[in-house]
Amino acid sequence: MNQPDSRKVFVSGLPFDVKPADVHQLFQGCGQVVSCKLVKFGDTGRCNGQAYVSFESDEAATKSLKLSGTT
């Protein structure tokens, strides 16, 4: 099992056609995005509206949480 990481956040409510670059752009104001892993449907390979986003710092991850509930 993976250890918890304070620099990684779970994101949901994304459009099914989202691309990693879109997620990077969404969170660019929070800090440096290190990686974005889209969660995909097994049968179609399309994003299921969720992602894991890792930031360079704890501060950036914390700042990203303030976007909760925004569109």
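1. Gly69 is placed in the segment after α2. The model discussed here is a predicted one. With a relative accessible area of 79%, Gly69 is exposed, because exposed means over 50%. Between Gly69 and Ala21 there are 48 residues of sequence separation, and their C-alpha atoms lie 20 Å apart in space.

2. The sheet pairings come next. Strand β2 covers residues 33-40 and strand β3 covers residues 47-55; the two run antiparallel and are joined by seven bridges.

3. Phe10 has Tyr52 as its bridge partner in β3. In a regular strand, side chains alternate between the two faces of the sheet. For β1, Val9 and Val11 make up the covered face, while Lys8, Phe10 and Ser12 make up the uncovered one.

4. Val11 deserves a separate look. This residue belongs to strand β1. Its relative accessibility is 11%, so Val11 counts as buried, the limit being under 20%. Leaving out residues up to four places away in sequence, Val11 touches Phe27, Gly49, Gln50, Ala51 and Val53. Thr62 is 51 residues from Val11 along the chain, and the C-alpha atoms of the two are separated by 13 Å.

5. Ser54 is a residue of strand β3. Is Ser54 buried or exposed? Ser54 is buried, because its relative accessible area is 13%. Not counting residues up to four places away in sequence, the residues that Ser54 touches are Arg7, Lys8, Gln32, Val33, Val34 and Ser35.

6. The aromatic pairs number three. One of them is formed by Phe16 and Phe41, whose arrangement is edge-to-face, at 5.7 Å centre to centre with 70° between the planes. This pair links distant parts of the chain, as Phe16 lies in the loop between β1 and α1 and Phe41 in the loop between β2 and β3, 25 residues apart. Phe16 counts as partly exposed because its relative accessibility is 42%. Phe41, with a relative accessible area of 31%, is partly exposed too.

7. Another pair is made by Phe27 and Phe55. Their ring centres are 5.8 Å apart and their planes stand at 85°, so this pair is edge-to-face. Phe27 lies in helix α1 and Phe55 in strand β3, so the pair ties together parts of the chain 28 residues apart in sequence. Phe27 counts as buried because its relative accessibility is 5%. Phe55 has a relative accessible area of 2% and is therefore buried.

8. Ser64 is located in helix α2. Why does Ser64 count as buried? The reason is that its relative accessibility is 4%, and buried means under 20%.

9. The last point concerns open space. Rolling a probe the size of a water molecule over the atoms shows where empty space is left. The largest pocket has a volume of about 450 Å³. Its lining has 19 residues, and the closest to its centre are Val11, Ser12, Leu26, Leu67 and Thr70. Which elements give two or more residues to this lining? They are β1 (8-12), α1 (20-27) and α2 (58-65). By type, the lining residues of the largest pocket divide into 11 nonpolar, seven polar and one charged.

Technical notes. Residues numbered from 1 in each chain as written. Predicted model: local features only at pLDDT ≥ 70, side-chain atom pairs only at ≥ 80, totals over all residues. Heavy atoms only, no water. 1 Å grid on protein atoms, 1.4 Å probe; cavity = no way out; pocket = protein on both sides within 12 Å on 5 of 7 lines; lining within 4 Å. Points joined across faces, edges and corners; volume = space filled by probe spheres on them. Helix = DSSP H or I, 4+ residues; strand = E, 2+ residues; numbered from the N terminus. Nonpolar A, V, L, I, M, F, W, Y, C, P; charged D, E, K, R; others polar. Pairing = 2+ DSSP bridges. Phe/Tyr/Trp six-rings, centres within 6.5 Å; stacked < 30°, edge-to-face > 60°. Buried < 20%, exposed > 50% of the residue type's maximum accessible area, 1.4 Å probe, protein only. Contact = heavy atoms within 4.5 Å.
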